[in-house]
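The sequence and model come before the discussion.

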Amino acid sequence: FSVVAMLEPNGSLIRKPFRIDHNPAGFNKLLGILKKEEERLKQKPIYFVESTGIFHLPLFFFLKSNDLKGFVLNPLCVHSTKNFDLRKVKNDAKDAESIARLAKFQDVKYSLVPEPQILSLRMLLREYYAISDMLTELKNRLCTDLYLLFPGYLDVFSNPFGKASLKILRDYQTPKAILSENPDTLAQMIAKTSRKGLIWGQKKVAKLVAMAQLCLSMPMEFSILSRKIQYHLDGIETFQANLEGLKDELAGMISNADFPKNVRDSIILLEAMPGIGFLTAATILAEIGDFSRFHSPKALVAFFGIDPSVNQSGKFNGDRNKISKRGTRFGRRVLFTAALASIRTTCKGDPINPVLRDYYQNKCQNKKKKVALVAVMHKLLHYIFAVLRDQKPFEFRSPEDHQSWRNSSHSSLILAA
């Protein structure tokens, strides 16, 4: 349900705040009341809703579909009105009235609701990350059980969740089961599953057998954990299949003819940047929504919550300020992974992004690594802003080359003037 407060043009309450249920009867009741007030006041009403996850969207889109103009308010702005009244009163009716007065009398910034296709893309991507987090939790539980049931197993395979490792855990849940199997059979199975050759498989089997013999001293009661491991393996395989299905669905949605072409082209441009993949590019565009409302890189940085907080009063100026984290946390999540990918090197030792890697290493000389990584995220957002603004592919340019390019561009502008 929602609680509605209605104000006259002079700011006085038209009626007491009232409740409407989120169903056809409640929506039509509100629409009827708004139509009557429109006839009485001889002007169309404007509505404001507080962003509450997804629960405000049905009412917002219903009123929008009936030719009413509306805006979404950020909860942080709404929360700032809690001390307008000296009395300590907190209820839905008071909150609705505060939202109405805030929207009418204050210069408040509004949140724009993206197009339905972008909103659907955003919700699918957030579902992908939710499932990914649940998959990570299951993997951590599996590691805990293996630490009790099979100490040392996690040191055998570099990736305990690879195909070969999961095949071993599926068929041989206990150290005794591994010791009772023919080593050649195990080696052939590992080699076939991993596609790394029989010699590699034999080395892994030798480590497995050595670890299994050491595990015979563990209490027999821990063998019951083998059933728990099976449950975890089932969950891991299910979540992995769901993630692959979501990836295919996301790719199909973006390639659909009904999807906005400008967003599709922007995703392709971002995906071509080093360190940024398909999911990262799609998430950044889905969280940004309408890029035209960002007029400077600083605005984009603030939207993602990478801008530094300010702590200053009088002559005091705080120097231990953290990032504001006022923006989208999903955007910061993918920016963090993109920053990590940008400063790493390939297996041959070549840097993915040599400019950002040098920038990161220089920052690490007098800053902590996490602080330097946030600086890389900040720099990445400037790159992303330039690519989306110019709609041109990303190109490597050293700071010296970029400065000379800026100087030449500035000189040509002066000559043209």
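## Terms and model

Buried means under 20% relative accessible area, exposed means over 50%, and partly exposed lies in between, with a 1.4 Å probe and protein chains only. This is a predicted model, in which local features need pLDDT of at least 70 and side-chain atom pairs count only at pLDDT 80 or more, while totals for chains, interfaces and linings use all residues. Residues are numbered from 1 along each chain as its sequence is written, and side-chain values use heavy atoms, with hydrogens and water left out.

Helices (H or I, at least four residues) and strands (E, at least two) are DSSP runs, numbered from the N terminus.

## Salt bridges

Side chains of opposite charge can pair when their charged atoms come close. A salt bridge is counted when a side-chain nitrogen of Lys or Arg is within 4 Å of a carboxyl oxygen of Asp or Glu. The whole structure holds 13 salt bridges. One of them joins Asp133 and Arg333 at 2.9 Å, N to O. Asp133 belongs to helix H5 (residues 116-149) and Arg333 to helix H14, so this pair ties together parts that are 200 residues apart in sequence. Asp133 is partly exposed at 39% relative accessibility, and Arg333 is partly exposed at 29%.

Asp234 and Arg170 also form a salt bridge, at 2.9 Å, N to O. Here Asp234 is in helix H10 (residues 225-255) and Arg170 in helix H6 (residues 163-171), so the pair ties together parts that are 64 residues apart in sequence. Asp234 is partly exposed at 36%, as is Arg170 with a relative accessible area of 22%. Another bridge, again 2.9 Å from N to O, pairs Asp390 with Arg389; Asp390 is partly exposed at 38% relative accessibility.

## Nonpolar cores

A nonpolar core is a set of buried Ala, Val, Leu, Ile, Met, Phe, Trp, Tyr and Cys residues joined through side-chain atoms within 4.5 Å. The largest such core has 81 residues, and Ile168, Leu208, Leu270, Met273, Ile284 and Ile384 touch the most other members. Helix H5 gives the most to this core, with 13 residues.

Contact means heavy atoms within 4.5 Å. Leaving aside residues up to four places away in sequence, Leu270 touches Ile276, Ala281, Ile284, Leu285, Ile384, Val387 and Leu388. A second, separate core has 17 residues, including Met6, Phe27, Val49 and Leu59.

## Arg332

Arg332 sits in helix H14 (residues 329-343) and is buried, at 15% relative accessibility. Beyond residues up to four places away in sequence, the contacts of Arg332 are Phe304, Gly305, Ile306, Lys325, Arg326, Gly327 and Met377.

## Cysteines

A disulfide is a pair of cysteine sulfur atoms within 2.5 Å, and by this rule the count is zero. Cys347 is exposed at 84% relative accessibility, whereas Cys364 is partly exposed at 25%.

## Backbone angles

Most residues other than glycine have a negative phi. Arg195, not a glycine, has a positive phi of about 60°. The loop between helix H8 (183-194) and helix H9 (198-214) contains Arg195, which is exposed at 77% relative accessibility.

Gln391 is not a glycine either, and has a positive phi of about 55°. Gln391 is found in the loop between helix H16 (369-390) and helix H17 (399-416) and is partly exposed, with a relative accessible area of 38%.
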